[in-house]
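Trainee: I'd like to learn how to read strands and helices in a model. Could you walk me through one?

Mentor: Gladly; let's open it up.

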Amino acid sequence: MIPEMNDGDFLIDENSSLNGFRWRLFDYDQRFVEAVSQKFNLPDIIAKIINSRNVSFDDTGNYISPLIKNLLPSPFILKDMDKAVDRIVKAIVNGETIGIFGDYDVDGATSSAIIYRFLYDAGVKNIHIFIPDRQNDGYGLSSDGLKKLLSQGCSLVIAVDCGITGFDPVILANQMDLDIVIMDHHEAEVGVPDAVAVVDPKRVDDESSLTYLAACGVVFLLVVALNKTLREKGIYRQKGITEPDLFSYLDLVALGTVCDVVPLIGVNRAFVCAGVKVMAKRQNIGLKALCDVSGVSTTPSIYHLGYVLGPRINAGGRVGNSSIASQLLTTRNPLTADNLAQKLNNFNLERKDIEASVLEQAFEKVLLETKEDDNFIFVSGQNWHTGVIGIIAGRIKERYNLPTCVATVDENGIANGSGRSIPEIDLGSAIIKAKEMGILLEGGGHSMAAGFTLEVSKIEKFKKFLHDYIKNSIKSQKIIPVLKIDSVIDITAINQDLIKKIQILEPFGTANEEPRFAILNAKLTGSDAIGGGNIRCYFSSDNGKSVCAICYKAVDTPMGEVLLSSVGQRFKLAGKIRANDWNGKHYIQFIIDDVAKI
């Protein structure tokens, strides 16, 4: 039997949890639950989860069935979109050479590929992409990169996934008579660069309410606006060009959206749902080759995008050649695609080795340098590879549930860092403020991830700034992590029917997390380590119904030690319910996030 619980209750406190979490049951609006259940013929448990995702009653239909035609906003609600379109259309009509300046991550690569493919399909003959090298060029719009594009004959450069803080490079571009259009989504300062157009939903004066978009989403809206304008002006007809199929670019939009970990709300849900279907058709030669080399032979899932394809695309910018990813996503030659995909796969293997080495050093520093009551983590190392510090920051943040910054220090006393945050702390805004105060040399990002550069002599000042910023944000000296529980269930309720009901809520990601359930009385009947640091457990209810549970990366952790040594004891479990298909058989697994002894 499931004990009677009140909505909003804490099921356990941080002292009972083996990971130091509080478990909180969501406080439901019963009227909403009943109304949604009746109108959409959904079980209460699904209606409750929808309620917990802050979806309004009026938006529930679009949430359950996110369609591009219903959710795509007018591109022109974005500030400066009209200016961007006018300048790019002029370049298309006049046959100008157009440059694309992109970032070196997945969002940058997909954004670059989307606008490149559209321009190519719209008849532009000369297009050049520049992706900065992470170690030599650093992050963002740079004067050297713009000079290179200028030397290739470009009269217009479209900066994607970067540029919102590129004040000095834009000044230089203006002096060189090189027009710049910025398409970004990172946190903006009060002012913006003096470019022809600066499109960024995070501009202070932008009223679009599209701040949740990744850069690839912003660029897709640009493509929609360009396509509409070219059609209405009769330019396709004049040039004898067939209007491009914009839906064919949605695989790239989905990939960039998932990998940039932006909220899966609004039109982002439609982008991902439609994009996965487009990707399954394997029309993009580069993505097809990457799927083949990665062993993705079935219909791609959100997992494949975020954890299989994304890391390989990122690997070029992290440890190899930063331009390979954009080359792969734009090529129309199958042999070239196969070669580039293999290179990215090899770079990813190299990245894993480098990451493992740096991660071990970073965790040692965390244990030595972080105090129990610290509200964030900051570690740095001499000449750590810049390509993995963002991943390291993410790994540390996941383990300790604290905002984390990791920096690598070069021989000139300059620290380049990357940060990952938790929902309670807007790290991007903190970094922008620290830059404005003169603490940082460079910096930018968004709420959950950011990058920065500073002199080593200012690290302590930066740490003091972060401490105060976080303290003021949470009004407390200490962050107590909370596991949000969507529903309390019994092991007997875990079945294929429940899995099908949960799938109605996909795609899962930031702001639409996979539902988390609590089981408040389960007997551990078996456990063993199964490789990769993972632990497999079996739990049963009082009536004998059992479930297989997996606890990832738990070996050598306090929780793992308890699970491996406590067969016969009873536990409270918090985690997710997933289907697992292997060798043609269908299994159900409970993915453990946390446990507490009863």
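Trainee: Which residues of strand E3 are buried on one side, and which on the other?

Mentor: First, keep in mind that this is a predicted model. Now the general idea: side chains in a regular strand alternate between the two faces of the sheet. In E3, Thr97, Gly99 and Phe101 are buried on one side, while Ile98, Ile100 and Gly102 are buried on the other. Both faces of E3 are thus covered, and six of its six residues are buried.

Trainee: Which strands does E3 join, and how many bridges are there to E5?

Mentor: Six bridges join E3 to E5, running parallel, with Phe101 partnered by Ala159. Four bridges join E3 to E4, also parallel; there, Gly99 has His128 as its partner. E3, helix H6 (residues 106-121) and E4 make a right-handed β-α-β unit.

Trainee: In what order do the strands of the open sheet come?

Mentor: The five strands follow the order E4-E3-E5-E6-E7, with parallel pairing. E4 and E7 stand at the edges with a single partner strand each, so one side of each has no neighbour in the sheet. From one strand to the next, the twist averages 20°. Between E6 and E7 there are three bridges, and Ile182 pairs with Val198.

Trainee: How far apart are the end C-alpha atoms of helix H17?

Mentor: They are 16 Å apart, which agrees with the 16 Å that its twelve residues should span at 1.5 Å a residue. Its buried residues, including Ile391 and Ile396, pack against helices H14 and H16 and strands E8, E9 and E10. Just after H17, Asn401 takes a positive phi of about 55°.

Technical notes. Residues are numbered from 1 along each chain as its sequence is written. This is a predicted model: local features need pLDDT of at least 70, side-chain atom pairs count only at pLDDT 80 or more; totals for chains, interfaces and linings use all residues. Side-chain values use heavy atoms; hydrogens and water are left out. Two strands pair if DSSP finds at least two bridges between them. Helices (H or I, at least four residues) and strands (E, at least two) are DSSP runs, numbered from the N terminus. Axes are lines fitted to C-alpha atoms, for helices over the stretch in contact, and angles run from 0 to 180 degrees between N-to-C directions. The expected span of a helix is 1.5 Å times one less than its number of residues. Buried means under 20% relative accessible area, exposed over 50%, partly exposed in between (1.4 Å probe, protein chains only). Contact means heavy atoms within 4.5 Å. A crossover is right-handed if, with the strands pointing away from the viewer, the path from the first strand over the helix to the second runs clockwise.
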